[in-house]
Amino acid sequence: MSRLPGDDAKDGDAPPVLRYDGRRLVPADHVPVRETPVSLTVNGVALATLIASPHDLHFLVAGFLRMQGLVRSAGDLLTLSVCHESGSATVRIRGEVPGRIMPTLTSGCGAGISFHVPASTGRPVQLPSAGPFVPPEALFSAMDALARASEAYRGSGGIHSAGAWDGERLLLFAEDIGRHNTIDRLAGQALLTGIDLSGGILVASGRISSEMAAKAGSLGISVIASRNSPTDLAVRICRELGITLVGYVRGRRFNVYTHPTRIAAAAAERIPGVTGVILARGGSRRMGSDKALLP
């Protein structure tokens, strides 16, 4: 074979996409997801290069700066401009940019580097005992709403989506090639539109990593729900921050990894003549499981 598929493509044309159908390579109708590098300069300091999807980059930049603790309100952003042609974003903020920001390697897609994992910054999350309590139907509805909003995910694949759910509707929606970028985008939208995400539900299409859990905590998120699994470090962070972490929300089932008392699961059956039961003290050894979680 002297030439490869795509050798006939003209300069600037995308190479053809072929799919193996079990016997041969045939043309496929598929548009690969786009990504672009964005050089971020803040107060004249070259701060980072973000690898992201090319849409709504002002939300991504604002959210990234919020997650790094460089801005706390929309008023801290004096100017914010994005040039798609040059792949650059220029921002002026109140205050100074730190002389050195320690990078943290992450498991996220895209750049794979987060400068700061804000595990304890921002507004504290609500403790599980304070609620709000979430019925399973709310998680299923939130995941269905995320799926309906994720047209790009269905069309191209390879792109992650996330949304903020208030118990009845999807307040915000974001998608990007990087899981952690979707959280930055939600943070940026919330910052620039004045939406308070504390006590809300974060729904995501992909795996929940440690940096996503930490960023959700800094936003005051109470519940994280995903179609996929969390990492062990994400579980530890959610346990420490008081976040209820739910994974594998598929069909009518899911797994709860931390703080299950927030999930208002209905009892399977009622005992006739009994209104309530008080279980006090003890280590639940005779019950065989934590008696606080009994229906």
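Contact means heavy atoms within 4.5 Å. Keep that rule in mind for what follows.

This is a predicted model, in which local features need pLDDT of at least 70 and side-chain atom pairs count only at pLDDT 80 or more, while totals for chains, interfaces and linings use all residues. Residues are numbered from 1 along each chain as its sequence is written, and side-chain values use heavy atoms, with hydrogens and water left out.

Start with the whole protein. Its secondary structure comes to six helices and 14 strands. Both are DSSP runs, numbered from the N terminus: helices are H or I with at least four residues, strands are E with at least two. Of the 295 residues, 41% are buried. Buried means under 20% relative accessible area, exposed over 50%, and partly exposed in between (1.4 Å probe, protein chains only). Among contacts with a separation of 6 or more, 49% join residues 24 or more positions apart.

Now look inside. In soluble globular proteins, nonpolar side chains tend to be buried together. A nonpolar core is a set of buried Ala, Val, Leu, Ile, Met, Phe, Trp, Tyr and Cys residues joined through side-chain atoms within 4.5 Å. The largest one here has 25 residues, and those touching the most other members are Leu197, Leu202, Ile208, Leu219, Ile221 and Ile224. Strands S9 (160-165), S10 (170-176) and S11 (201-204) each supply at least two residues of this core, as do helices H4 (179-193), H5 (210-218) and H6 (232-241). Apart from this core lies another, of 21 residues, including Val42, Ala48, Ala52 and Leu191.

Take Ile221. This residue sits in the loop between H5 and strand S12 (223-226). Ile221 counts as buried because its relative accessibility is 3%. Asp196 is 25 residues away from Ile221 in sequence, yet their C-alpha atoms are 9.8 Å apart in space.

Finish with Asn181, in helix H4. Asn181 is buried, because its relative accessible area is 4%. Leaving out residues up to four places away in sequence, Asn181 touches Ile51, Ala52, Leu60 and Asp176.
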